[in-house]
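Q: I have a structure open and want to go through it before setting anything up. Can you take my questions one at a time?

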Amino acid sequence: GAAMSPLKGVRLYNLRAMARTNRFPSWALAGLLALTPACTFGQGFSALMSGPRLSVSELAPLAREGDVEAQLKLATMYYNGERASQDFEKAAEWYRKAAEQGSAEAQFSLGVMSTRGEGMPADPEQAARFYLLAAEQGHAEAQFNLALAHLEGRGITLDLGQANRWMRLAAEQGMPEAQFSFASEFNFGTS
């Protein structure tokens, strides 16, 4: 058979298994790539670790099939204008599809976009709902943003108890901003 480049092997793997449960550990994939005549173990491992840069046309079929990780990556590519023209509406569309499948990262991203009015009208209430969905799954940044929303009464009821709860949870996950805010504003005088 024809020799396969390390990147091609990684792309084939990613197109079949990206966003699904890893069926092979990274070292095994690199070893499989090393079996091709034009690829050493080191080249395969390097290609894997450098993170193959899949294109929109390679991710789109997976995303349309409901692959949550492909939807998330595609949304992020559109949001950042990475290997695609920046398009907040398309980003929001793909984040929504991933969020509907329970992706905390997508729910958080929709919260940010709702806050900023990117790809949708600015809507603090909708942002707070998205932050809550992600925060309940343990997403530290969503917990932090939800705490700030409760603290300011932005899109959600002003509630210092809830602000304290969410800020503490984000701080416990090691988020520096949350740790600083929790220590300096929320926890003084409480036991």
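This is a predicted model: local features need pLDDT of at least 70, side-chain atom pairs count only at pLDDT 80 or more; totals for chains, interfaces and linings use all residues.

Q: How much of the protein is buried?
A: Of the 191 residues in the protein, 42% are buried. Buried means under 20% relative accessible area, exposed means over 50%, and partly exposed lies in between, with a 1.4 Å probe and protein chains only.

Q: What is the accessible surface?
A: About 10200 Å², and carbon and sulfur atoms account for 54% of that. The areas come from the Shrake-Rupley method with a 1.4 Å probe; for residues, only the protein chains shown count as cover.

Q: What share of contacts joins residues at least 24 apart?
A: The share is 45%, taken among contacts between residues at least 6 apart in sequence. A contact means heavy atoms within 4.5 Å.

Q: Ok, packing. At what angle do α6 and α7 cross?
A: Roughly 145 degrees, with the axes of α6 (residues 88-100) and α7 (residues 104-116) coming within 8 Å. Axes here are lines fitted to C-alpha atoms, for helices over the stretch in contact, and angles run from 0 to 180 degrees between N-to-C directions.

Q: Left-handed or right-handed crossing?
A: α6 passes α7 in a left-handed crossing. Left-handed is when the near helix is turned anticlockwise from the far one by less than a right angle, and right-handed is when it is turned clockwise.

Q: Which residues make the contact?
A: On the α6 side they are Phe88, Ala91, Ala92, Tyr95, Arg96, Ala98 and Ala99, and α7 supplies Ala106, Gln107, Ser109, Leu110 and Met113. By type, the contact of α6 with α7 has nine nonpolar residues, two polar and one charged. In this scheme Ala, Val, Leu, Ile, Met, Phe, Trp, Tyr, Cys and Pro are nonpolar, Asp, Glu, Lys and Arg are charged, and the others, Gly among them, are polar.

Q: What about Ser103, where is that?
A: Ser103 is in the loop between α6 and α7. Ser103 counts as buried because its relative accessibility is 13%. Leaving out residues up to four places away in sequence, Ser103 touches Val68, Leu72, Ala98 and Gln137.

Q: And Ser114, buried or exposed?
A: Ser114 is buried, with a relative accessible area of 0%. Ser114 is in helix α7. Apart from neighbours within four places in sequence, Ser114 is in contact with Met120, Pro121, Ala122, Asp123, Gln126, Ala127 and Phe130.

Q: Switching to charges. How many salt bridges?
A: Five. A salt bridge is a side-chain nitrogen of Lys or Arg within 4 Å of a carboxyl oxygen of Asp or Glu.

Q: Which residues are linked in a network?
A: Lys73, Glu82 and Arg83 are linked by salt bridges. The closest N and O atoms are 3.3 Å apart for Lys73 with Glu82, and 2.3 Å apart for Glu82 with Arg83.

Q: How exposed are those three?
A: Lys73 is partly exposed at 31% relative accessibility, Glu82 is partly exposed at 23%, and Arg83 is partly exposed at 30%.

Q: Where do Lys73 and Arg83 sit?
A: Lys73 is in helix α5 (residues 68-80), whereas Arg83 is in the loop between α5 and α6. The C-alpha atoms of Lys73 and Ala63, 10 residues apart along the chain, are 8.9 Å apart.

Q: What is the phi of Arg83?
A: Positive, about 60 degrees, although Arg83 is not a glycine.

Q: What about Glu172 and Arg168?
A: Their side chains meet in a salt bridge of 3.2 Å, N to O. Both are in helix α10 (residues 160-172), four residues apart, about one turn of the helix. Glu172 is exposed at 55% relative accessibility, and Arg168 is partly exposed at 33%.

Definitions and conventions
Residues are numbered from 1 along each chain as its sequence is written. Side-chain values use heavy atoms; hydrogens and water are left out. Helices (H or I, at least four residues) and strands (E, at least two) are DSSP runs, numbered from the N terminus.
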